[in-house]
Amino acid sequence: MRTIDLRSDTVTLPTEEMLSSILEARLGDDVSREDPTVNELEQLAAEKFGTEAALFTPSGTQSNLISVMVHCRRGDEMLVDSEAHIYYYEAGGMSAVAGVIPRLIKGKMGVFTGEQVVGAIRGKDLHFPPSTLVEIENTHNRAGGTVWKPREVAGVSKVAREHGMKVHIDGARIFNAAVALGVEVKEYARSADSISFCLSKGLAAPVGSVLVGSGEFIGKARRMRKLLGGGMRQAGVIAAPGIVALTKMVDRLAEDHRNAKKLARGLRGLGTLGIDLRTVQTNIVLADVSPMGLESSEFIAKAKRKGVLAADFGGSTVRFVTHYGITDEDIEETITRIGSMS
Ligand SMILES: Cc1ncc(COP(=O)(O)O)c(C=O)c1O
């Protein structure tokens, strides 16, 4: 029985072209900015986002942390959605390393508004930490891969800028958002001071993320990357697949989105899982397994015995993610196997 792995789009394996690109990559010492392949990837990313510069980093977690460290001083406060990845899954780095306190905003399906930002900003008072950064997650993982529209980002950004705050987008899956809406990622970059995106998720590269922003921001970010131990030497071996990811793997995300919708409708049709189809906007499907009388961990163990892997989102919520390597037939097979779970 073939295992269908829907735990995450991080399980994607590199394409043949990515593997060949590694062998052909021209290399140098990237800490001295002498790796032509890394330079090419950074230039390509900056062009795509219409920013002055870009920086290749080992992970999305490090890109986000670098951004917080550049935008904030220790003791500052950042406004962030209460279910955001940076708050939930990044080991508390924003506080442990950057010394920044999170102030939580409750978004609707991961999206919050300028009014909510205004409501959360503290006035200038000796007692309060300065609110200096707003973080937006697009697409929003824990909300089910939900998409921020460029005008929603612009609304938050306008308010943030009026209050002298910076805006960072955790765009680990920002290309999913852009493909879902049929817009260019540039439309998001106009409203942000920095964006981090992952090459290693739906774009299927084995390693790495990229930060984009102004020349000044990236200059500071490069120093912070070094401070965090993220300066890499012949990093072209991992940047080369990243170039393939950016040039060849973006448009096909639409296929993952179609598969996610098909999976969501199919699973919902079984009548034993709670699925809010409004949240199925990209490649993530969240399912409430409580109608089956199960906790998420029990459901996951049972599904595994049927050869279907899903991720535990706590309580009775399970996450399925479609990605490169998951076919139309896999989706049909998943629905059949889960339908046969007693
Ligand atoms: C929304 C979001 N941001 C950031 C990250 C962190 O990326 P990485 O695993 O490369 O550190 C992830 C990873 O799953 C994510 O889903």
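**Exercise 1. At what angle do the axes of helix 8 and helix 12 cross, and within what distance do they come?**

Solution. This is a predicted model. Take the two helices: helix 8 covers residues 174-181 and helix 12 covers residues 253-269. Their axes come within 9 Å. The crossing angle is roughly 80°. Angles of 65 to 115 degrees count as roughly perpendicular, so helix 8 is roughly perpendicular to helix 12. Now list the contact. Helix 8 supplies Phe175, Asn176, Val179 and Ala180. Helix 12 supplies Leu253, Ala254 and His257. Sort these residues: five are nonpolar, two polar and none charged.

**Exercise 2. Work out the strand order of the open sheet and name its edge strands.**

Solution. Seven strands build the sheet, in the order 2-8-7-6-5-3-4. The pairing is mixed. Strand 2 (53-57) and strand 4 (101-105) pair on one side only, and these are the edges. Neighbouring strands are turned by 20° against each other on average, direction ignored. Look at one pair: strand 3 (residues 77-81) and strand 5 (residues 131-137) run parallel, joined by four bridges. Val80 stands opposite Glu135 of strand 5.

**Exercise 3. Which strands does helix 10 touch on the sheet?**

Solution. Helix 10 (residues 215-227) touches strand 2, strand 7 and strand 8. Its direction makes about 20° with that of strand 2.

**Exercise 4. Describe the shell around the ligand by residue class.**

Solution. Start with the residues: Ser59, Gly60, Thr61, His85, Glu137, Asn141, Asp170, Ala172, Cys198, Ser200 and Ser209. Then sort them. Two are nonpolar, seven polar and two charged.

Methods: Residues numbered from 1 in each chain as written. Predicted model: local features only at pLDDT ≥ 70, side-chain atom pairs only at ≥ 80, totals over all residues. Near = placed C-beta within 6 Å. Nonpolar A, V, L, I, M, F, W, Y, C, P; charged D, E, K, R; others polar. Axes fitted to C-alpha atoms, helices over the stretch in contact; angles between N-to-C directions. Parallel < 35°, antiparallel > 145°, perpendicular 65-115°, else oblique. Contact = placed C-beta atoms within 7 Å. Pairing = 2+ DSSP bridges.
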